[in-house]
Amino acid sequence: MIAEPPLDGGVKVTRTVWLACRAALYFVEQLQGGLLAHVARVGAYLEHRLRAVASRHDFVKEVRGAGLIWGLELTRDAGPVVPLGLARGVVVNRTADKVVRLLPPYVIEEAEIDEAVGRLDAALSDLGASA
């Protein structure tokens, strides 16, 4: 394993490339150390929580995704969910006219999912009340 960037040449690009490679190696080490199992476990939990939220809002057409990449397809424009979510402290984005995407960090835990999904649920309630 590379411990330090090479010092020959003194080129700034060399250090940048070294840092990118080191970051990739670290990520692979994390994958081998149980990160994939963690993502599978908390991803299933996130799916369960999102499906529960979807059942409370008739304008949520579909919940889809895998691991920790999820989307809610709505029957209306998803744009207003972004600022409503931000106002409640949860970051989501709109990837299509009617899709809200969630991309939590790989290291998220169930308690953090509960908090984030609760805030998203409140934002969706705000959206439903404004319709």
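Glutamate 29 is partly exposed, with a relative accessible area of 28%. On this scale, buried means under 20% relative accessible area, exposed over 50%, and partly exposed in between (1.4 Å probe, protein chains only). The side chain of glutamate 29 meets that of arginine 22 in a salt bridge, at 3.9 Å from N to O. Arginine 22 is partly exposed as well, at 23%.

This is a predicted model, in which local features need pLDDT of at least 70, side-chain atom pairs count only at pLDDT 80 or more, and totals for chains, interfaces and linings use all residues. Residues are numbered from 1 along each chain as its sequence is written, and side-chain values use heavy atoms, with hydrogens and water left out.

**Salt bridges**

The structure holds eleven salt bridges. The term means a side-chain nitrogen of Lys or Arg within 4 Å of a carboxyl oxygen of Asp or Glu. Side chains of opposite charge can pair when their charged atoms come close.

| Arginine 22 | Glutamate 29 | 3.9 Å |

Arginine 88 and aspartate 126 link distant parts of the chain, 38 residues apart. Arginine 88 sits in helix α2 (residues 81-88), and aspartate 126 in helix α3 (residues 110-130). Helices (H or I, at least four residues) and strands (E, at least two) are DSSP runs, numbered from the N terminus. Arginine 88 is partly exposed at 37% relative accessible area. Aspartate 126 also counts as partly exposed, at 28%.

Salt bridges that share partners join Lys61, Glu62, Arg64 and Glu73 into one network. Two of these residues have these accessibilities: arginine 64 is partly exposed at 35%, whereas glutamate 73 counts as buried at 16%.

**Histidine 57**

Histidine 57 lies in the loop between α1 (12-56) and β1 (60-66). Histidine 57 is buried, with a relative accessible area of 7%. Its side chain makes a polar contact with the side chain of aspartate 121, at 2.5 Å. A polar contact is a pair of N or O atoms within 3.5 Å; within protein, one must be able to donate a hydrogen and the other to accept it, and residues adjacent in sequence count only if both atoms are side-chain atoms. Leaving aside neighbours within four places in sequence, histidine 57 is in contact (heavy atoms within 4.5 Å) with Asp121, Leu124 and Ser125.

**The sheet**

Four strands form an open sheet in the order β1-β2-β4-β3, with antiparallel pairing. Two strands pair if DSSP finds at least two bridges between them. β1 and β3 (93-96) stand at the edges with a single partner strand each, so one side of each is left without a neighbour in the sheet. Neighbouring strands are turned by 30 degrees against each other on average, direction ignored.

β3 pairs with strand β4 (residues 99-102) in the antiparallel sense over three bridges. Asparagine 93 has arginine 101 in β4 as its bridge partner.

Isoleucine 69 is found in strand β2 (residues 69-74). Isoleucine 69 is exposed, with a relative accessible area of 52%. Not counting residues up to four places away in sequence, isoleucine 69 touches Arg64, Leu102 and Leu103. Isoleucine 69 and tyrosine 106 are 37 residues apart along the chain, and their C-alpha atoms are separated by 9.9 Å.

Methods:
Axes are lines fitted to C-alpha atoms, for helices over the stretch in contact, and angles run from 0 to 180 degrees between N-to-C directions.
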